[in-house]
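Please look through the sequence and the model below.

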Amino acid sequence: MKPDKTAVKKTKKTASKKEKYVLRLYVAGQTQNSIRAIENIKHICEEYLKGLYSLEVVDIYQQPVLAKGDQIIAVPTLLRKLPLPLRKFIGDMSTTERILVGLDLRPKK
Amino acid sequence: MPKQNRKTKPTMISLKKCPTGIQGLDEITGGGLPQGRPTLVCGSAGCGKTVLAMEFLLRGALQYNEPGVFMCFEETAEDLAKNFASLGFDLKDLVARKKLAIDYVRIERSEITETGEFNLEGLFVRLGLAIKSVKAKRVVLDTVEGLFAGFNNVAILRAELRRLFGWLKEKGVTAIITGEQGEKTLTRYGLEEYVADCVITLAHVSTEQIATRRMRIVKYRGSLHGTNDYPFLIDEQGISILPVTSMRLDHAASVEKIPTGIPRLDTMFSGNGYYRGSSILVSGTSGSGKTSILAEFINEACRRGERCLFIIFAESPAQVIRNMRSIGINLEVWVKKGLLRFHAARPSLYGLEMHLVTIHKQIKEFHPGVVAIDPISNLINIGTIIETKKMITRLIDFLKASLITSIYTNLSQGDTLEETDIEVASLMDTWLLLRDIEINGERNRALYILKSRGMKHSNQVRELILTDKGIELKDVYIGAAGVLTGSARLSQEASEKAEALIVDQGFAFKQRELERKRKILDAQIAAMRTAFESEEDNLKKTISEGKLSEKVTEQDRLKMGKLRDADK
């Protein structure tokens with residue numbers, strides 16, 4: 001079963017106007033890294049960005065042209081499209097601290 | 001590698017090669033790069049790696065119908081197109097025709113944060129996409145250092161690169177990977193460990209302020225290859241590697257002779273001039289007439305319709321044309337007709353190898369039957385004696401193999417006339433030596449043939465005179481004081497003429513004397529004859545009278561008899 005866009009996209013209708021973070025996660029099929037990355041990022045988003053994000057998971061095998069457009073070389077790559085500046089996080093998203101710092105979030109206390 | 005009889009020995013499969021189409025590279029690699037394998041091209045910045053790689057793709061697309069993918073990590077596609085436009089390559093056109101795919105991979109380190117395990121599958125997908133889009137058979141990655149610049153984790157990168165090269169092999173594409181030169185290793189990140197099939201290094205070497213580009217095949221698994229440093233140049237047609245000239249000395253020898261342009265010189269060569277395809281050296285001191293001899297030869301060749309390439313290292317073409325016009329040789333008309341081409345450059349303009357490559361290119365484009373180089377002694381300024389001699393040897397080999405007649409001038413110093421600075425005398429088939437003879441306070445030019453392989457030649461010294469109508473060779477006089485030339489010769493000529501005149505006159509006088517005597521004799525004879533004739537007449541008369549009287553007497557007797565009626 002591959003994750004598809006519609007299942008993972010979490011957009012609470014009530015908070016749609018306040019979406020601050022537009023994130024796109026590029027994965028390569030069903031590899032260990034990919035699955036781990038998806039889980040990790042979902043976890044981070046739920047914990048720290050609840051209601052304020054839109055996460056899209058793209059399989060580079062399914063949509064290679066999209067990957068090319070975003071200049072994705074490494075997988076998994078998390079692309080922060082909004083807010084600017086553009087940031088890329090590569091890896092299985094296991095170093096949470098790094099990601100939070102990179103996303104300009106402070107860990108919620 | 002040769003295929004051997006299956007019954008006696010196992011067959012050897014020879015390595016398939018992918019021809020590059022790059023001038024000279026296919027020769028030194030014995031057919032091209034290894035087919036379906038990656039080749040590493042490394043060198044420092046500005047060496048020409050990108051040019052080599054791009055030319056490989058372009059020629060593949062244009063000449064061998066093999067589309068290619070150029071994956072660049074350093075320049076954008078637009079920049080590439082602009083840069084290569086200056087080399088005469090139209091990348092945009094090829095991209096439009098789906099013969100070439102250019103993919104710019106942008107890796108901005110500042111926007112990347114590494115957060116765990118990753119791999120470069122994205123790159124693979126991207127490459128796969130590009131290869132599919134044009135059905136590529138050739139791939140270039142330029143430069144792989146771009147990846148290392150973007151990502152921190154060298155271990156992952158190394159592993160992924162190894163995987164990439166395997167993947168390329170599987171795809172069956174012939175790839176060129178470019179890499180920066182490392183300090184102790186061939187490449188900075190030791191890529192040569194993975195790309196082990198073929199490694200080529202490029203270098204930009206500067207000696208005596210003259211820079212030369214050099215290429216060396218460090219490794220080529222499974223194939224014979226040239227192992228030397230090969231100089232090359234990059235110009236509007238891309239890369240040209242100095243061709244490997246055959247050093248086996250197996251060129252053919254022609255027996256056809258071509259006129260020298262100076263009729264008297266032809267006769268000194270026992271008939272018809274120089275052998276076609278031979279090398280002729282004209283040496284002498286300054287102002288002895290070397291260039292003029294060259295010009296006469298060229299003039300004659302152009303008149304026959306043969307193309308000539310005149311390479312000048314000391315003057316400008318306009319100057320040579322003007323100078324030759326003063327002795328009645330019009331070279332400009334041949335230039336206009338396209339039969340004569342000048343190539344002028346100061347020797348110090350570039351290195352020896354560049355000169356050689358440039359000359360090769362000119363010859364390949366122009367196909368001359370005659371090549372003249374004036375002078376070769378200048379070349380010593382840009383290299384050692386050994387290097388210069390090597391270069392000239394290569395040039396002469398190449399010209400002889402192509403049956404092109406070549407003529408060279410060499411400036412010699414006064415006392416070492418029969419040597420050449422660069423010791424090329426043994427390479428020359430014919431050697432004309434021009435000397436100055438100084439007598440009676442004047443200098444005159446003399447020429448003699450020092451050697452001419454394969455034909456009988458005169459050993460006489462001739463005086464060389466530059467007249468309005470070209471070069472003339474006159475006999476020298478051997479007088480009491482030795483060889484006489486110039487005004488001494490003229491005076492000798494005059495005195496000899498005078499002597500001859502005197503002798504002539506003497507003869508005439510004697511002739512007249514004889515005539516007179518003959519006349520006298522004739523007159524005497526005539527007188528004697530007249531006397532004889534009158535005597536003859538008298539005698540005849542007497543005889544006839546006698547006869548007549550006898551007759552009359554007889555008749556009378558008969559009559560008398562009858563009258564007497566003598567009884568019988």
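B:Val282 has B:Leu432 of β20(B) as its bridge partner. This bridge belongs to the pairing of strand β15 (residues 279-284) of chain B with β20(B), which is parallel and has five bridges. Strands here are DSSP runs of E of at least two residues, helices are DSSP runs of H or I of at least four residues, and both are numbered from the N terminus. Two strands count as paired if DSSP finds at least two bridges between them.

The model is predicted, so local features need pLDDT of at least 70 and side-chain atom pairs count only at pLDDT 80 or more, while totals for chains, interfaces and linings use all residues. Residues are numbered from 1 along each chain as its sequence is written, and chains are lettered from A and ligands numbered from 1 in the order in which they are written.

Strand β22 (residues 462-467) of chain B runs antiparallel to β21(B), and three bridges join them.

These strands are part of an open sheet of nine, in the order β17-β16-β18-β19-β15-β20-β21-β22-β23 (chain B), with mixed pairing. From one strand to the next the twist averages 25°. Helix α12 (residues 352-366) of chain B packs on the sheet and touches β16 (308-312), β17 and β18 (370-374) of chain B; its direction makes about 160° with that of β16(B). Such angles run from 0 to 180 degrees between N-to-C directions, with axes fitted as lines to C-alpha atoms, for helices over the stretch in contact.

How many residues of chain B are in contact with chain A? There are 20, and they meet 28 residues of chain A; contact means that C-beta atoms, placed from the backbone, lie within 7 Å. On the chain B side, β6 (112-114) and α5 (121-134) each give two or more residues, and α5(B) has the largest share, six residues. Strand β4 (residues 87-90) of chain A pairs with β6(B) in the parallel sense over three bridges. There, A:Ile90 stands opposite B:Glu114.

Conventions: Contact = placed C-beta atoms within 7 Å.
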